[in-house]
Amino acid sequence: MNPRWEAVIGLEIHVQLATRSKLFSGAATAFGAAPNTQACAVDLALPGVLPVLNEAAVRMAIMFGLAIDGEIAPRSVFARKSYFYPDLPKGYQISQFELPIVARGTISIPLPDGGTRSVRVTRAHLEEDAGKSMHDGMSGCSGIDLNRAGTPLIEVVSEPDMRSALEAVAYMRHVHALVRYLGISDGNMQEGSFRCDANVSLRPLGEERLGTRTETKNLNSFRFVELAIEYEIARQQELLERGEKIRQETRLYDSDLNETRPLRSKEEAFDYRYFPDPDLLPVEIQPQWIEDIRRQLPELPHARCERLQHQYSLPKSDAALLTADRALADFFEETAGFPGVDARIAANWIIGELGGALNRFQLELGNSPVGPERLAGLLRRIADHTISGRIAKQVFETMWSGNAGADEIIAAQGLQQVTDAGLIEKLVLEVLAANTDQVEKYRAGKEKVLAFLVGQVMKLSDGKANPRQVSQVLLARLRGRS
Amino acid sequence: MLTDSIAELSRLLRRRALSSEELARRCLAEAERQQPALNCFITLTPESALRQARAADQVLARGEGTPLTGIPVAHKDIFCTAGVRTSCGSRMLDGFIAPYTATAVARLHTAGMVMIGKTNMDEFAMGSSTEHSWYGPCRNPWDMQRVPGGSSGGSACAVAAGIVPAATGTDTGGSIRQPAALCGITGLKPTYGLVSRYGMVAFASSLDQGGPLARSAEDVAHLLTAMSGFDPLDSTSVDQPARDYAVNLGTDIAGVRIGLPEQYFQQDLDPEIRGVIESALHELEQAGAILKPVSLPSSHLSIPAYYVVAPAEASSNLSRFDGVRYGYRCRDPRDLTDLYCRSRAEGFGEEVRRRIMIGTYVLSAGYYDAYYLRAQKVRRLIRDEFRSVLREVDLICGPTVPGTAFAIGERAHDPVSMYLCDIFTVSVNLAGLPALSIPAGFINGLPVGMQLIGNYFHEERLLQVAHAYQEMTGWHRRTPGGPA
């Protein structure tokens with residue numbers, strides 16, 4: 001971006017809560033059921049039915065509030081947000097408006113220069129999700145699936161504290177990690193459990209006053225958030241540099257074309273006619289309940305990162321990578337907990353080999369063919385020098401495509417490291433005999449040749465010789481001039 | 001014509017002098033006979049009524065049951081009844097059959113009552129005359145040219161005409177008390193939260209309250225005992241231990257302090273109405289009640305506040321009727337907007353549309369503070385005034401309605417004069433208090449109602465005083481067509 005402009009970004013993140021039943025009805029919330037099989041009379045907004053608040057959702061909102069060091073309102077109020085749409089059965093959404101359950105939290109995100117930025121969370125409120133309209137394959141009609149209608153959400157609204165698309169993504173990732181740590185959401189973005197709207201404006205660098213913003217709706221991946229914000233920044237900058245004004249409007253991101261398009265202008269914005277829902281009493285939260293929940297909070301990413309560094313002597317970068325996702329950190333700790341496993345090797349392997357393989361096969365950690373126990377079996381054999389790191393990669397690949405344990409594979413394929421001094425001696429002599437010119441070079445002072453010679457011995461042993469032993473024997477021979 | 005009280009009928013049933021099935025047949029026959037003239041029913045349910053009556057007879061034969069077992073009842077067509085149409089008096093719900101039953105109805109059913117049918121009402125309970133019904137106007141049994149009041153006009157009419165001994169109604173601004181007054185029967189609006197609203201089609205959620213209509217305070221007490229109580233399906237329902245409201249009937253009312261708000265007896269009060277209420281008060285005084293002048297200075301603000309709050313909530317509650325999932329849908333909609341606009345324009349009647357417009361307006365950005373918020377402030381003021389007066393007196397008394405039943409069509413095109421029928425009743429809903437209307441006399445052959453307003457959850461006291469009054473006088477025993 002042109003350094004004359006500063007981007008100002010705020011996010012509204014919608015997090016679907018992992019309650020078993022809906023926010024105001026007893027219907028199930030599981031994803032993927034046949035259309036309208038998980039919608040009861042309340043979700044269908046039949047006449048005369050009434051909402052009853054799900055306490056589990058309130059508890060989850062409080063957990064989130066505590067995790068971001070926010071204020072939990074002793075009294076919060078549900079309000080009706082009115083608009084007509086076929087997937088909104090009551091003609092209003094039950095949300096919170098003037099008195100949200102959580103206010104004034106903070107989330108710290110790392111900056112590329114090594115510092116951190118503290119992003120203020122204005123509020124987080126409870127609300128119900130709408131259903132889904134289906135337009136494909138309906139032969140000229142539109143279908144409505146109300147399974148999602150009434151699913152609990154928290155909407156997390158940030159202050160406009162971010163200054164780049166990357167910061168916005170870092171913030172969103174942090175919130176994502178947090179809700180998964182807390183176990184209050186599955187965070188599944190393909191299924192829409194975690195999605196966001198981005199408010200973007202530009203202002204001349206050094207200017208205090210905010211520029212006119214646009215709101216880009218329904219971004220359901222980190223990549224789309226980044227691309228949409230970058231697109232918006234570039235679009236707005238171009239307009240501003242031409243001396244034009246930004247229209248305050250709601251825009252939609254089209255991932256196929258990688259562009260944002262206007263949806264409705266400020267003038268066309270809905271008047272939601274918010275007012276307190278008379279069917280629901282204000283939510284009164286006793287301090288004792290908050291304290292009970294606080295005591296039961298799981299360890300949060302930042303604390304876990306610190307602990308991992310100390311407990312397992314991990315470098316900060318590894319600890320941060322591992323704790324970015326609760327499942328990953330759990331995987332690591334489970335693996336490192338097996339006897340004979342070196343935690344630092346485990347961290348390297350989980351981040352490197354395992355991470356790479358999951359990426360190549362586009363798998364989630366939860367679906368990894370190699371679990372902590374089998375991985376630990378392999379790492380144990382690296383630690384006790386049964387196999388080298390190089391052979392271990394070969395064993396890992398075999399493990400990935402089958403069910404065998406490391407020991408079985410090593411035995412079946414005869415991959416144990418060769419530590420027999422006599423055999424190594426024999427191989428070294430063979431290599432030295434075949435490379436007399438290199439031996440001369442070494443003796444003339446080119447010490448780099450050693451690595452080449454080690455490599456030759458390893459090759460001759462099919463990679464199974466213990467590399468440390470090989471280089472010791474080689475050195476002894478080279479220095480001994482024999 | 002059935003004029004026996006629930007207590008008398010119950011005695012006959014228990015003595016096996018009458019079977020519940022016979023009683024149900026008589027009610028159904030009476031309903032069939034009078035329906036063409038009165039139009040007080042939207043739906044009659046003879047088959048299920050006889051089935052329920054036979055079941056009640058079996059319970060009675062075992063010597064079991066409650067004081068309501070085998071007693072026929074009619075439900076206002078605003079209460080959802082599984083398997084039976086619930087129209088709410090509207091074309092919008094003409095064919096609607098709910099898959100669930102309202103808690104209040106279910107409780108009366110559990111107590112053994114036999115549902116005869118569903119009664120006519122102003123569409124979505126919006127009105128004071130039962131003229132605004134998709135099924136045509138209901139008539140007052142005391143004078144067929146006059147309205148029975150509303151919106152629970154069908155229920156009041158069916159009881160007054162001797163078709164059923166009891167009926168349910170709902171009261172958002174007077175919709176139980178006003179028709180009870182105009183039809184010469186007893187009607188109670190309970191404390192907000194005492195009777196579950198689950199399954200009752202919502203008009204204005206913070207004001208709506210279901211309640212009983214019957215021929216006497218004693219009958220009303222039996223009905224309330226069965227209808228009321230905590231319901232986990234209604235978040236605004238109050239968790240209180242169950243009570244028998246008939247227990248304290250017949251106890252002495254000497255020393256009961258009755259407040260008479262000066263605002264209810266002003267210069268412009270119809271002198272004949274004043275005369276009826278004053279002589280009723282005199283009777284109560286004779287029985288030992290202490291009359292005290294009190295003041296409710298914000299009374300004149302209750303109609304304006306009510307006609308902001310109620311339409312605001314109604315506009316939101318009625319937005320679910322969009323022609324998408326159930327209810328009336330216009331023919332051949334061009335697009336989504338056309339579907340919404342025409343379904344709602346054709347499905348709702350004029351008065352409902354008017355209130356949706358008012359409600360939408362007062363909730364709109366830029367008007368919310370001036371209307372809705374200010375009305376809420378007035379509401380608090382009214383409630384606080386009631387509370388302070390009710391620290392000095394046990395109940396508050398005055399006319400239920402400023403007049404007697406008016407002619408059909410007389411006010412149909414003058415909404416403001418219609419709204420003014422509610423002048424003595426709406427403040428009670430704004431405050432959430434319980435109030436009862438009992439017959440206190442007649443003017444030109446038309447009944448006059450007296451309203452008793454009590455403190456929160458003091459229904460027992462209201463019923464005790466009303467019962468004492470009914471023991472002393474006989475107004476509640478008069479029937480249309482009987483000796484005047």
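Let me start with one cut-off: a residue counts as exposed when its relative accessible area is over 50%, as buried when that area is under 20%, and as partly exposed in between. By that rule A:Arg295, with a relative accessible area of 62%, is exposed. Please keep in mind that this is a predicted model.

So, hello everyone, and let's stay with that arginine for a moment. Which residue does A:Arg295 meet in a salt bridge? Its partner is A:Asp292, with 2.6 Å from N to O. Both residues sit in helix α4 of chain A, which covers residues 287-295, and they are three residues apart, about one turn of the helix. A:Asp292 has 24% relative accessibility, so this aspartate counts as partly exposed.

Now over to chain B for another pair. B:Glu21 and B:Arg54 form a salt bridge in which the closest N and O atoms are 3.2 Å apart. Here the glutamate belongs to helix α2 (residues 20-38) of chain B and the arginine to helix α3 (residues 46-61) of chain B, so the bridge ties together parts that are 33 residues apart in sequence. B:Arg54 is partly exposed, because its relative accessibility is 39%.

Further along chain B, B:Arg383 and B:Asp384 also meet through their side chains in a salt bridge, at 3.7 Å from N to O. B:Arg383 has a relative accessible area of 26% and is partly exposed; B:Asp384, at 40%, counts as partly exposed too.

How many salt bridges does a search of the whole structure find? Over all chains, the number is 57. There is also a network of salt bridges that links A:Arg80, A:Asp277 and A:Asp279 with B:Arg197 and B:Asp234.

Next, helix packing. Two packed helices are described by the angle between their axes and the distance between the axes. In chain A, helix α5 (residues 301-312) packs with helix α6 (residues 316-323) at an angle of about 140°, and their axes are 9 Å apart. That angle makes α5(A) oblique to α6(A), and the crossing is right-handed. On the α5(A) side, the contact residues are A:Pro301, A:Arg304, A:Cys305, A:Leu308 and A:Gln309, and they meet A:Lys316, A:Ala319, A:Ala320, A:Leu322 and A:Thr323 of α6(A). By class, this contact of α5(A) with α6(A) has six nonpolar, two polar and two charged residues.

The loop between α5 and α6 of chain A holds A:Ser313. Its phi is near 50°, a positive value in a residue other than glycine. A:Ser313 is partly exposed, with a relative accessible area of 44%.

Still in chain A, helix α8 (residues 343-360) and helix α9 (residues 372-383) have axes that come within 10 Å and cross at roughly 125°. They are therefore oblique to each other, and the crossing is right-handed. A:Ile345, A:Ala346, A:Trp349 and A:Ile350 of α8(A) make the contact with A:Leu375, A:Leu378, A:Leu379 and A:Ile382 of α9(A). What classes of residue make up this contact of α8(A) with α9(A)? Eight are nonpolar, with no polar and no charged residues.

Last, some backbone geometry. Most residues other than glycine have a negative phi, and most peptide bonds are trans. In chain B, the loop between β3 and α5 holds B:Ala125, whose phi is positive, near 70°. Buried or exposed, which is B:Ala125? At 2% relative accessibility, B:Ala125 counts as buried. B:Ser151 lies in the loop between β3 (114-119) and α5 (153-160) of chain B, and the peptide bond from B:Gly150 to B:Ser151 is cis, with omega near 10°.

Methods. Residues numbered from 1 in each chain as written. Chains lettered and ligands numbered in written order. Predicted model: local features only at pLDDT ≥ 70, side-chain atom pairs only at ≥ 80, totals over all residues. Heavy atoms only, no water. Axes fitted to C-alpha atoms, helices over the stretch in contact; angles between N-to-C directions. Helix = DSSP H or I, 4+ residues; strand = E, 2+ residues; numbered from the N terminus. Parallel < 35°, antiparallel > 145°, perpendicular 65-115°, else oblique. Left-handed = near helix turned anticlockwise from the far one by under 90°. Contact = heavy atoms within 4.5 Å. Nonpolar A, V, L, I, M, F, W, Y, C, P; charged D, E, K, R; others polar. Salt bridge = Lys/Arg side-chain N within 4 Å of Asp/Glu carboxyl O. Buried < 20%, exposed > 50% of the residue type's maximum accessible area, 1.4 Å probe, protein only.
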